Amino acid sequence: MLEVAIRRVVGDFVLDVDLRASSGVTALFGPSGAGKTSVARCVAGLARPDAGRIALDGQVLFGEGVDMPPHRRGIGYVFQEARLFPHLDVRANLLYGAPRGVDLGAVADMLDIVPLLDRRPGGLSGGEAARVAIGRALLRAPKLLILDEPLAALDARRRAAILPYLERLRGQGVPILYISHAIEEVARLATTLVLLRDGKVQAAGPIADLLADPDMAVLLGPGQAGAVLEGQVIGSDAGSARIQTAAGTLAVTGQAEMGATVRLRVRASDVTLADRKPEGLSEPNVLPARVEVITDLGSGAMVRLRVGEASVLSQVGRDAVTALALAPGRDIWVVLRVAGAARWASGESQAP
Amino acid sequence: MIALPPEAWEALALSLRVSVVAVLASLPLAIWVAHVLARGAFRGKGVLDALVHLPLVLPPVVTGYALLLLFSRAGPIGGVLEPLGLGIAFRWTGAALAAAVMAFPLVVRSIRLAIEAVDPKLEEAAATLGASPWRVWITVTLPMAAPGVLAGVVMGFAKAFGEFGATITFVASIPGETRTLPSAIYAFLQVPGGGDGLRGLVLIAVVIAVGAVLVADWLAPRVAARIAGR
């Protein structure tokens, strides 16, 4: 459990945050300049807050007269650039912070870096270097792992190639503080979401709740809002899979391993409403729902719907609210587009 | 093989010993001063910087005279060392000290530039991997700065080998004790006709100076490539 309550002033920028991160992946999310990296650097001991307190698992790292140097904090840090030591080969980089006699085999296997072990960092691609940096931080056996936009320096294809490794990382049991300004990454990886803006915490809570909150949709901006649904693969054949989620059984395109836990992202713009059950659609995911909350966005509205046991957001035009007589408590049908625009990802139990 | 009189060989051997000892014995201090100048933030840094560079800008004879004042039997340091039998004035160790002082600014400058070029982000990364500041320095900063340290050592050696003014002022030119190669060349020059050893010693001086520069040029890119990890 990480507890952070700090204040730091640099020029005009005031960072004043109070947040907690327990097990799983806590995403520190916000636009660039929100102060995310400042928080991470204060936690790791690379920057000093003006005041406040930082504690990890009950041990005070900063405050109450303590300012523990970074090397004693037991916090692994993966920087935006890999920061590998150029004068050491990959193996020596991985073992730099590892306890004596540790076996790097399992971590190297997980990150697919075994073939790189005898190479020098100078010859690695961006994606390879990022994986080595993650392995190096993990082998240090940290009490907390900070990932500070580890994908930001990579292009879209390499980013997509690394995400599955980060998902496997979730299964390692180390609490992770994941810093990102990309909602897609956060939606895929995080268990808890902390929204940071202008140096302040705007919202914090379980990711499924926050992403299904219409008010969050306003904070996230258009096109970003959308719920996440976790589920289990209960059926799989060539090119499509059936996923059991709290909203019901959903069909998605793509390959999946039977029994795997996956996470589906359902963008608000990919959820269509209908006042009677639509038939003859190309989209197979048609489910009954009930309107919970309607939030006016000006140009339209964000509707939170109860679908089965889950909450899903739908972004509708202004006219739709009157045409469909949308009001809290109204029973309605939803068409969820999960394949295509929606990302879905494997959970810790499954290899990508 | 050049035919050299025995006193010329003696001067060459002494010069090699003096300059190797001068550079190696002053290297730890040079690295420390270079690090402090590169990374330290304290009052008086400018003064330290000026002090280190002083031998570079002072006339060597002034530096030699200052050493003489400090280390002679009557001087504040020599007065302590001489009765203990550790005196260095007019000894080969004094020649080594004079050479070290004269070479010091070159060595420090080269190492300082190399340390300044080490990316502090790598040192940060090492700290988050649990390395103490001392371990960070030994395992990251110093290896990364190695080409500069090496270049400093080679240039320092060449400078120490050729040092004349401060040496002859501080420890005179005693054959077999303080008559280094440049002093010997000077002594040969005082003899009409130059004596047998003059041409040979001049040739050796040129070969060693050029050799040092060539070695430094050959070594630097190799070490740099190794450090860059390719």
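Colleague: What percentage of the 230 residues in chain B is made up of buried residues?

Modeller: In this predicted model, buried residues account for 43% of the 230 residues in chain B.

Colleague: What makes up the secondary structure of chain B?

Modeller: Chain B has 10 helices and 0 strands, so a run along the sequence reads α-α-α-α-α-α-α-α-α-α. The C-alpha trace of chain B spans about 65 × 45 × 30 Å along its principal axes.

Colleague: Over in chain A, why is α4(A) called roughly parallel to α5(A)?

Modeller: Happy to go through that one. The axes of helix α4 (residues 126–139) and helix α5 (residues 156–170) of chain A come within 10 Å and cross at roughly 15°. Angles under 35 degrees count as roughly parallel, and therefore α4(A) is roughly parallel to α5(A). The crossing of the two is right-handed.

Colleague: Which residues of α4(A) and α5(A) meet?

Modeller: From α4(A) come A:Gly126, A:Gly127, A:Ala130, A:Arg131 and A:Ile134, and they meet A:Arg158, A:Ala161, A:Ile162, A:Tyr165 and A:Leu169 of α5(A). By class, this contact has 6 nonpolar, 2 polar and 2 charged residues; Gly counts as polar.

Colleague: And between the chains, how many residues does the contact take from chain B and from chain A?

Modeller: The contact draws 18 residues from chain B and 20 residues from chain A. On the chain B side, α6 (120–128), α7 (133–162) and α10 (197–228) each supply at least two residues, with α6(B) giving the largest share, 6 residues. That side of chain B has 10 nonpolar, 4 polar and 4 charged residues.

Terms used:
Residues are numbered from 1 along each chain as its sequence is written. Chains are lettered from A and ligands numbered from 1 in the order in which they are written. This is a predicted model: local features need pLDDT of at least 70, side-chain atom pairs count only at pLDDT 80 or more; totals for chains, interfaces and linings use all residues. Axes are lines fitted to C-alpha atoms, for helices over the stretch in contact, and angles run from 0 to 180 degrees between N-to-C directions. Helices (H or I, at least four residues) and strands (E, at least two) are DSSP runs, numbered from the N terminus. Angles under 35 degrees count as roughly parallel, over 145 as roughly antiparallel, 65 to 115 as roughly perpendicular and the rest as oblique. A crossing is left-handed if the near helix is turned anticlockwise from the far one by less than a right angle, and right-handed if clockwise. Two residues are in contact if their C-beta atoms, placed from the backbone, lie within 7 Å. A residue is buried if 20 or more other C-beta atoms lie within 10 Å of its own, exposed if 12 or fewer, and partly exposed in between; C-beta atoms are placed from the backbone.
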